[in-house]
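User: I would like to learn how to read a structure feature by feature, with the general idea given before the particular case. Could we begin with charged side chains and then go on to the sheets and helices?

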Amino acid sequence: MRPSIMKRTSRWLGVSALALMIGVGGVSTAYVITGQTANAQVQNAAQIVVPQEIQPHAGFADLVEAVKPAVVSILVEAQESQNSRVQRGGRQFDFNFPDLPEGHPFRDFFDQFGQQGPGSDAPAPKPRQYMAAGSGFVISADGYIVTNNHVVEDATKVTVLFEDGTEKVATIVGTDQRTDLAVLKIEGSDLPFVKFETEASRVGDWVVAVGNPFGLGGTVTVGVISGSGRNIGGSNYGDFLQIDAAVNTGNSGGPAFNTEGEVIGVNTAIYSPNGGNVGIAFAIPAATVKGIVQQLIDDGSVTRGYLGVSIQDVTRDIADGVGLSDAKGAIVREPATDGPAGDAGVKSGDIITAVDGDPIEDALDLSRTIAGKTPDSTVELTIWRDGAETKLSVKLQTLNETAAATEEPVQPTPPAELPSKSSVGLTLVPNADGGGGLLIQQVDEDSPAAEKGLAVGDAILEVNNTPVASLEEFEAAIDAVKAKGLNTALVKASRDGEARFIGLPLSE
């Protein structure tokens with residue numbers, strides 16, 4: 001695949017999204033060297049065995065010599081799909097002209113550039129063919145190979161190149177776009193292969209990356225694990241390892257090893273202002289890879305549990321607003337219509353703090369946890385509601401790409417004659433357009449409401465899980481929060497049809 005810019009910065013990065021490059025290692029037009037003399041022959045042994053007691057100060061040559069036969073270059077011939085086609089100049093031509101007669105200069109222009117303008121007899125442009133290169137590694141003696149989904153996406157032919165120059169045509173067993181993983185299969189037996197780590201690596205441990213950057217197969221770089229649990233690009237299945245071993249275009253899909261020759265992760269993305277290595281790369285951790293790969297081998301696809309809620313993180317303000325001691329868990333914006341959570345009694349404003357007794361840190365943690373559950377299995381949710389803890393059992397469904405939470409409509413209320421000033425710096429008026437709640441018509445610039453991002457046009461739907469449709473109801477709900485001894489109100493607001501919870505500090 002082509003390099004793509006991260007659509008959004010994740011919470012911990014806090015820099016311009018235009019500086020983030022994700023998935024840059026998969027598809028490249030870089031020249032791929034295929035005729036180099038091998039440094040190590042493919043051995044007729046199954047599992048790779050690395051000499052024990054590797055001493056970093058003595059180098060990693062023994063480790064590299066052992067694992068390189070199982071690391072492969074992935075050469076891809078692909079046809080750009082309609083969805084992935086890059087338009088000339090980065091823009092989509094949109095023809096709004098009437099039928100053009102023969103000989104019209106604009107007609108000639110469209111025909112010249114292969115565009116099918118109205119009335120033109122020119123053929124539709126053919127999908128672009130391209131070559132690509134990435135990395136991968138063998139995980140079984142009978143030829144299963146792991147790489148990135150974006151390396152083989154749109155592939156019409158995939159060739160695997162071993163370190164000794166041997167080439168084998170591969171078939172795609174299965175892909176998973178959400179985790180950016182793919183499994184290939186080549187014919188063979190007693191192929192050299194590597195295993196995934198048995199114990200999770202820690203931040204600060206050594207990491208050795210082997211791959212095919214810029215077509216330079218068998219390249220080795222060394223670093224440490226710089227961080228863990230990284231969320232990049234707003235992925236619902238984040239939890240990436242951050243490493244500082246140099247990773248560049250073409251490294252995607254390649255393995256990152258520990259000093260025992262075990263795969264700790266699959267290199268998949270870099271953070272860079274210019275597309276080159278700056279010492280920050282991301283790998284999918286082995287714990288995630290193992291489960292996904294096994295499903296792809298067994299079924300050719302991945303199934304995930306589906307809870308049916310739209311969620312967000314619990315901030316300190318939200319926790320204060322509901323009397324929760326720790327700012328952890330995931331607050332439910334809305335349960336999906338006919339979704340399993342809603343059917344089981346989960347409500348908007350509930351905070352899910354644990355699943356099957358395992359604590360939930362944030363919204364991403366809940367997404368990963370539920371996705372890892374088997375569809376049709378039953379989970380026990382620990383929920384914080386109305387200042388107390390309760391438990392609900394939910395039978396999960398199967399996640400599909402179109403499954404999404406939808407907001408329940410709120411009955412409209414008659415509009416007030418004039419907007420009214422609230423006690424929290426908001427000027428409010430009942431919503432007359434059928435959206436329900438109260439519309440914000442003015443925000444005092446020095447108020448906590450402004451600081452928390454509330455703006456003109458936003459709708460206030462609930463305060464402390466109580467629907468509000470008039471200034472009187474709004475103020476009564478605020479007074480009820482104060483009566484409980486809380487100094488923060490949990491406000492459910494809506495902008496452009498998307499609901500979100502905000503912890504709104506209250507004045508004394």
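Analyst: A salt bridge is taken here as a side-chain nitrogen of Lys or Arg within 4 Å of a carboxyl oxygen of Asp or Glu. The idea behind it is that side chains of opposite charge can pair when their charged atoms come close. Please keep in mind that this is a predicted model.

User: How many salt bridges does that rule give?

Analyst: The rule gives a count of 11 salt bridges. One of them joins the side chains of Asp317 and Lys452, with N and O 2.2 Å apart. Asp317 belongs to helix H5 (residues 316-322), whereas Lys452 sits in the loop between helix H8 (448-451) and strand E26 (459-463), so this pair ties together parts that lie 135 residues apart in sequence.

User: Which residue does Asp350 meet in a salt bridge, and where do the two lie in the chain?

Analyst: Asp350 meets Arg385, at 2.7 Å from N to O. Asp350 is in the loop between helix H6 (340-344) and strand E18 (351-355), and Arg385 is in strand E20 (residues 378-385), so that the pair links distant parts of the chain, 35 residues apart. In terms of accessibility, Asp350 counts as buried at 2%, and Arg385 counts as partly exposed at 22%.

User: Which residue forms a salt bridge with Asp458?

Analyst: That is Arg495, whose closest N and O atoms with Asp458 are 2.7 Å apart. Arg495 lies in strand E28 (residues 488-495) and Asp458 in the loop between H8 and E26, so the pair ties together parts that are 37 residues apart in sequence. Arg495 is partly exposed, with a relative accessible area of 41%, whereas Asp458 counts as buried at 4%.

User: Let us turn to sheets. Which strands close into a barrel, and in what order?

Analyst: A general point comes first: in a regular strand the side chains alternate between the two faces of the sheet. In this model, a closed barrel of 6 strands runs E3-E4-E5-E8-E7-E6, with antiparallel pairing. Its neighbouring strands are turned by 40 degrees against each other on average, when direction is ignored. Another set of 6 strands closes into a barrel in the order E9-E10-E11-E14-E13-E12, again with antiparallel pairing, and there the twist averages 45 degrees from one strand to the next.

User: How is strand E4 joined to strand E3 and to strand E5?

Analyst: Strand E3 (residues 71-79) and E4 run antiparallel and are joined by 9 bridges, with Ala78 standing opposite Tyr130 in E4. E4 and strand E5 (residues 144-147) also run antiparallel, joined by 2 bridges, and here Val138 stands opposite Ile145 in E5. E4 and E5 form a hairpin with 5 residues between them, and Gly143 in the turn has a positive phi of about 100 degrees. Since 8 of the 10 residues of E4 (residues 129-138) are buried, this strand is largely enclosed by the rest of the structure.

User: What pairs with E5 over 4 bridges, and which helix packs on this sheet?

Analyst: E5 pairs in the antiparallel sense with strand E8 (residues 181-185) over 4 bridges, and Ile145 stands opposite Leu184 in E8. Helix H4 packs on the sheet, touching E5, strand E7 (167-176) and E8, and its direction makes about 45 degrees with that of E8.

Technical notes:
Residues are numbered from 1 along each chain as its sequence is written. This is a predicted model: local features need pLDDT of at least 70, side-chain atom pairs count only at pLDDT 80 or more; totals for chains, interfaces and linings use all residues. Side-chain values use heavy atoms; hydrogens and water are left out. Two strands pair if DSSP finds at least two bridges between them. Axes are lines fitted to C-alpha atoms, for helices over the stretch in contact, and angles run from 0 to 180 degrees between N-to-C directions. Buried means under 20% relative accessible area, exposed over 50%, partly exposed in between (1.4 Å probe, protein chains only). Contact means heavy atoms within 4.5 Å.
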